[in-house]
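Subject: The model I promised you

Hi there,

Have a look at it first and then read on.

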Amino acid sequence: MERTLSIIKPDAVKKNVIGEIISRFEKNGLRIATMKKIRMTKEEAKGFYIVHKDRPFYDSLTDFMSEGPIVVMVLEGESAIAKNREIMGATNPANAAPGTIRKDFAENMERNAVHGSDAPETAAFEIGYFFSALEIL
Ligand code: CMP
């Protein structure tokens with residue numbers, strides 16, 4: 001059993017497809033251990049994406065991630081990290097496989113509908129960024 005952090009980003013929340021995205025996780029055998037809708041400040045978005053602080057897209061990415069509400073959730077299941085990344089599709093929707101969330105809902109490389117942790121260490125940091133142990137069921 002593994003846990004990973006998933007974010008439905010402001011572009012997808014605006015499109016009113018929260019339910020459609022969540023149902024793809026459930027249909028693929030992932031369970032929602034906890035979930036909430038929040039809006040990050042610019043500073044909170046910068047803290048979340050601190051690993052990208054030296055990238056040219058850091059400022060624009062953190063503006064985007066704080067422009068409106070997001071849904072953050074912990075997904076749980078066997079190989080949850082890899083499975084979630086498979087369901088999401090490639091970061092750039094132009095390269096995302098048919099049937100993936102990003103193929104169907106992402107606009108471009110930045111406004112790409114969802115985020116998912118890429119490794120166990122990042123999952124631990126990212127889950128702890130939004131949730132305390134008591135909030136994860
Ligand atoms: P995510 O999976 O949330 O991880 C980092 C995010 O940075 C990524 O999705 C995209 O939203 C964004 N990103 C990655 N590469 C680029 C890029 N080259 N230009 C703009 N945004 C990017």
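A residue is called buried here when its relative accessible area is under 20%, exposed when it is over 50%, and partly exposed in between, using a 1.4 Å probe and protein chains only. By that rule, 47% of the 137 residues of the chain are buried.

Two notes on where the values come from. This is a predicted model, so local features need pLDDT of at least 70 and side-chain atom pairs count only at pLDDT 80 or more, while totals for chains, interfaces and linings use all residues. Residues are numbered from 1 along each chain as its sequence is written, and side-chain values use heavy atoms, with hydrogens and water left out.

Now the fold. Helices (H or I, at least four residues) and strands (E, at least two) are DSSP runs, numbered from the N terminus. The chain has seven helices and four strands, arranged along the sequence as β-α-α-β-α-α-β-α-α-β-α. Its radius of gyration is 14 Å, close to the 14 Å from the globule rule for 137 residues, so the chain is as compact as a globular protein of that length. That radius is taken over C-alpha atoms, and the rule is 2.2 Å times the number of residues to the power 0.38. Along the principal axes, the C-alpha atoms fill a box of roughly 35 × 35 × 25 Å.

Contact means heavy atoms within 4.5 Å. Among the contacts in the chain with a separation of 6 or more, 76% are between residues 24 or more positions apart.

Strand S1 (residues 2–8) is mostly covered, with five of its seven residues buried. Which strands does S1 pair with? Two strands count as paired if DSSP finds at least two bridges between them. S1 runs antiparallel to strand S3 (residues 70–77), joined by seven bridges, and Ser-6 stands opposite Met-73 in S3. S1 also pairs with strand S4 (residues 114–116), again in the antiparallel sense, over three bridges; there, Ile-8 has Val-114 as its bridge partner.

One residue I looked at individually is Ile-32, in strand S2 (residues 31–38). Ile-32 is partly exposed, at a relative accessible area of 27%. Leaving aside residues up to four places away in sequence, Ile-32 touches Ile-22, Glu-26, Met-73, Val-74 and Leu-75. The C-alpha atoms of Ile-32 and Ala-94, 62 residues apart along the chain, are separated by 28 Å.

Best wishes
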